[in-house]
Amino acid sequence: MNRRRTTAADFDGRAFAASLPLAPGVYRMLDAAGNVLYVGKARALRHRVGSYFNAAPKPARIMAMLAQVARIETTVTHSEADALLLENQLIKSLKPRYNVMLRDDKSYPFVLLTHEEWPRLAFHRGPRAIPGRYFGPYPSAASVRETLDLMHKLFRLRSCEDSVFHNRSRPCLQYQIGRCSAPCVGRVEATEYADAVRRAGLFLEGKSQQLDADLAAAMQAASDALEFEQAARLRDLIATIRRLQARHTMDGRSADLDVLGVAMQGGAACVLLLAFRGGRNLGTRAFFPKTNGEDSAGEVLAAFVSQYYAEQPPPAEIVLDGDIPERMLIEQALSEHAGRKVALRVNVRGERAAHLELVRRNAQLALAAELASSGAQQARLQALRELLGMAEVPARIECFDISHTMGEATVASCVVFDAHGPVRTQYRRYNIAGIEPGDDYAAMRQALQRRFRPAAEGAPEAVRPDVLLIDGGAGQVAQARDVLTEAGITGVVLVGVAKGPERKPGAETLLLPDGREVQPGAASPALQLIQQVRDEAHRFAITGHRGRRQKARSSSRLEDVPGIGPRRRAALLKHFGGLQGLKSASVDEIARVEGINRALAQRLWDALHGLAQAAPGEGDQ
């Protein structure tokens, strides 16, 4: 690695480039403070880095970046393909200011077929740590659920978690409606279930001809063995699958491909992905990469292809709506990374051209909708600035809300919005403890103290909001003002949001920092923004409260019933597969569990359904 430390004014880029080798690699441009400005790849480092410092005219974005460069670091790689992969990894981890970056904080959804004695077919998102086969990624969660719905109808594989599967004593509702063969209670032979698992894998892989032949052979074998009911089921399955294949097959054959289109306007970009797997249309997904001043659609699309498929398995074919820089290099790198041939196609005809036109149109529509939404957001921010008398548009808004049920499981939420909308990675929840149940003032005070403790302790990295919204009236606002004063925090505009008569939206009263109480009205863009932030804080608080309450009730419901000790509790949960199964059982079914008599079963059923307070009875077992 090459390192040069100097200031932006003193850095001699031309001399530095002359010292570099003619080898492939990655370069990182840094400013005087050590912040990474840009990460790039090169076929020959000397030539690529040197091109930044020659006399040729350059875009304003590049000139602005070069004016800040105080140091360049380089890493030599074995090949251009290795340089491309390393570049993508560094862009993702370093987030350079001047690179085009794919902005998506969500993991992509997959269909998971587990590796175990009785495999499970399920939705999966996140690290692929569970042993099994992963099919995808799918463009959206909805497309995964649609696929799973179809798969369970066709192959009747289980979807339940192992904790439920291993503790069932009777078939569940999925069996009753024909979406599971109930292997949990032995309603299907192991060989038959294994055949269904194998056929589901063929279906998800798009191997339609092999699946068709397998089912036809099984149907013939069942017919020869005079198992006519089984043969009829296989016949119906073949007919259903053939209808699906006829509807989804492209160009007369199955296809695994993605179609990509890009639209750009005013420095914003949208890349739209249309995915096909096994000839089935899995739907579209819109991405809005951060362009950082890049105005070339080809560069944006190239960055998207490199970064997206470095993380996700690429299909055999990727259709692009225009040529991209270093297309052959990217194609080679993706092929090496996937361990098979991956083709990037530009000039296509027939049905693929029709799909490409559809993608282009939808990319333009998605970008227009995004820009319209962004424009409305900016207008609301400006209106809020005017309402609060601020010198500048607030860059960070935080809102606090409290949620509980009669003082039980109190949770405080803090949501964050910036100029573009919600910043969900910075949301926080606070489980409130040590207060009088139902004391909203104390709950608000505790949450705010925990939020602003780093700033109160002088932490230099502590982030402070420009506007702090408090869902509540004068009492809650007073608590917030006291906390900010005790912490020595200034410059934060504090606003209370009091609900209107009958909680009618648009009739809220705002408690402003100067002591005024105003009702902007439902037509006010500023109030619309405040409602959006407040409603998000309310949703986030309620979700946390319900989860905490359910967890507490689930763990304590059985413990509160006299006569149900650890051994009986374990026996009940094992027999019914959990608290929900126990709650659904009748008194007679509960009484069949070893160690539970009829009186205790009745008392337990009453306690679970809130019909009577359990009376002291039998001792713990």
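D214 is in contact with R198 and R199, once its neighbours within four places in sequence are left aside. You'll find D214 in helix α9, which covers residues 208–224. Keep in mind that this is a predicted model.

**Two residues to look up**

- D214 counts as buried because its relative accessibility is 19%, and the cut-off for buried is under 20%.
- Y108 sits in a loop, the one between α4 and β4 (109–114).
- Is Y108 buried or exposed? Y108 is buried, with a relative accessible area of 8%.
- Not counting residues up to four places away in sequence, Y108 touches L102, H124, R125, P137, R285, F287, Y308 and Q312.
- If you want a sense of distance, pick Y108 and E589: they are 481 residues apart in sequence, and C-alpha to C-alpha they are 42 Å apart in space.

**The nonpolar cores**

- The largest nonpolar core has 30 residues. Which of them touch the most other members? Those are V111, L121, F155, L157 and I241.
- Two or more residues of this core come from each of β4, α5 (141–155), α8 (190–205), α9 and α10 (228–248).
- The top contributor to this core is α8, with seven residues.
- V111 is worth a click: setting aside neighbours within four places in sequence, V111 is in contact with L121, A122, R133, Y134, F135, Y138, V144, T147, L148 and L204.
- There's also a second, separate core, made of 26 residues. Its members include A269, F287, A303 and L344, and F287 is also one of the residues that Y108 touches.

**The second largest pocket**

- The second largest pocket holds about 690 Å³ of space.
- Its lining is made up of 30 residues. Which ones lie nearest the centre of the pocket? Look for Y38, R48, Y52, E294 and E299.
- The elements giving two or more residues to this lining are β2 (36–42), α2 (45–51), α3 (60–66), α4 (80–94) and α11 (297–311).
- Which element gives the most to the lining? That's α11, with five residues.
- Sorted by class, the lining of the second largest pocket splits into 13 nonpolar, eight polar and nine charged residues.

Key:
Residues are numbered from 1 along each chain as its sequence is written. This is a predicted model: local features need pLDDT of at least 70, side-chain atom pairs count only at pLDDT 80 or more; totals for chains, interfaces and linings use all residues. Side-chain values use heavy atoms; hydrogens and water are left out. Helices (H or I, at least four residues) and strands (E, at least two) are DSSP runs, numbered from the N terminus. Buried means under 20% relative accessible area, exposed over 50%, partly exposed in between (1.4 Å probe, protein chains only). Contact means heavy atoms within 4.5 Å. On a 1 Å grid over the protein atoms alone, a cavity is a set of points where a 1.4 Å probe fits but cannot get out, and a pocket is an open set with protein on both sides within 12 Å along at least five of seven lines; lining residues have an atom within 4 Å of a point. Grid points are joined across faces, edges and corners, and a volume is the space filled by probe spheres set on the points. Ala, Val, Leu, Ile, Met, Phe, Trp, Tyr, Cys and Pro count as nonpolar, Asp, Glu, Lys and Arg as charged, and the others, Gly among them, as polar. A nonpolar core is a set of buried Ala, Val, Leu, Ile, Met, Phe, Trp, Tyr and Cys residues joined through side-chain atoms within 4.5 Å.
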